[in-house]
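The following paragraphs guide the reader through selected residues of a protein structure. Please keep the sequence and the model in view while reading.

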Amino acid sequence: MPSIFRKPVNIDRGPYAMSMPDGQNAEVTMYGQIVSQRPRDWWTDKEKEGDYIVQSEFMQDLESFSRAKTITIRMNSLGGDAGVSILIHNRLRELAAKGTALICIVDGVAMSGGSLIMAACDTVKVNPSSLIMIHRCWSTLWGGYNADELREEAAACEAWDKAQASIYRRKCGLSEEEITRMMAETTYMTGQEAIDKGFADSLMEDAEPLNIAASADGRSLFVRGRELHLCPGMFAPDSVPTAGPEVKAPVENIPPEENREEGGEQMTENKEASKAAEPVSAAEQVAAERQRLRDIDAIAALYDPELVQAAKYGEDPCTAQELAYRAAVQAAASAESEGKAFLAAMRTDAKAATEVGAAPISEPPEDPENMMPEQRMAAARRNVRALLGKEE
């Protein structure tokens, strides 16, 4: 169809954007986590804010490019849901089969599900400091399972691994055994290493350095000023330099004029951050993670099992101290609710009490022990009359 009949497309959803100004050549910016649906906050049940690429939104928007001649994907993603990533990969390959040229430029990282989408492209361009990561799939288990159920879960994970290996094999041409070994070792590759292994096709030598850095605990990467959280149980490789925990981008990227404040306070903070940016080995990170889980297990009996499970393996894992705080907040909210119910019940009881009339005041009965003889006689007569039904 002539391009004159193709309408320009411009979609911006924050974590990703799609544009096709000339009706023929499209560009997709994928900067975010790939999810089946937008995550919700465990405490408030409200949708979380963040860089999420949601399956339903992305697949709907991709239909706008179904007749594009070329699609260029600019990638900076730690991945996410394997099923959604494979779905996007397969849809892109379907477009390629119809003649669409697919190009991926790894602006930052293409890890896990991000590398699956990257592998859908016939041409992959990387920066020298780009990071590509492949690994075996994993899943989170809740509740109790017997041996048969655990074996069934393991078999499902192996099926996912085979599906992912087939995607990588089509792209790089390595044997299934080699790819499976790389996945089992959670292999990180720089731009040139990805080219050497066949996962990428060309190196962008003149690209601006990315200066990728890892957080002190190894659970986040800072790429182009964005903090990308690694999945629970995963850590940044030793080859990535470590930044201080309070640094949102490598300290050396801060221009000198922005690094000076009155009294030199900002410069002091940056120097302290630089001192804190000492490399942390993978062994130390693993030891720290194991200690975190042991600390939580030590106090787990005091708290709700679901709260403990979320603290250990949820989307926002925390330390034992943070678990205690979360439990206290939850208990306070529950106590406040119970207190309000108690006060409401008291108000209801008080209102009912005011509607009850007062009992008539009666004279206390006469005590025969304190009566004079004539008083006892008069009282006896009154009692006899009362028995006979006679009035005074």
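Asp 61 counts as buried because its relative accessibility is 5%, where buried means under 20% relative accessible area, exposed over 50%, and partly exposed in between (1.4 Å probe, protein chains only). Asp 61 belongs to helix α1, which covers residues 55-62; helices (H or I, at least four residues) and strands (E, at least two) are DSSP runs, numbered from the N terminus. When residues up to four places away in sequence are not counted, Asp 61 touches Ile 11, Arg 13, Tyr 16 and Met 18, contact meaning heavy atoms within 4.5 Å.

This is a predicted model, in which local features need pLDDT of at least 70, side-chain atom pairs count only at pLDDT 80 or more, and totals for chains, interfaces and linings use all residues. Residues are numbered from 1 along each chain as its sequence is written, and side-chain values use heavy atoms, with hydrogens and water left out.

Ile 105 is found in strand β6, residues 101-111. With a relative accessible area of 9%, Ile 105 is buried. Beyond its neighbours within four places in sequence, Ile 105 is in contact with Thr 72, Ile 73, Arg 74, Met 75, Lys 125 and Met 204. Asn 76 lies 29 residues from Ile 105 in sequence, and their C-alpha atoms are 9.0 Å apart.

The cysteines come next. A disulfide is a covalent bond between the sulfur atoms of two cysteines. Here it is taken as a pair of cysteine sulfur atoms within 2.5 Å, and by this rule the count is zero. Cys 104 is in no disulfide, the nearest cysteine sulfur being that of Cys 121, 4.8 Å away. Cys 104 counts as buried, at 0% relative accessibility.
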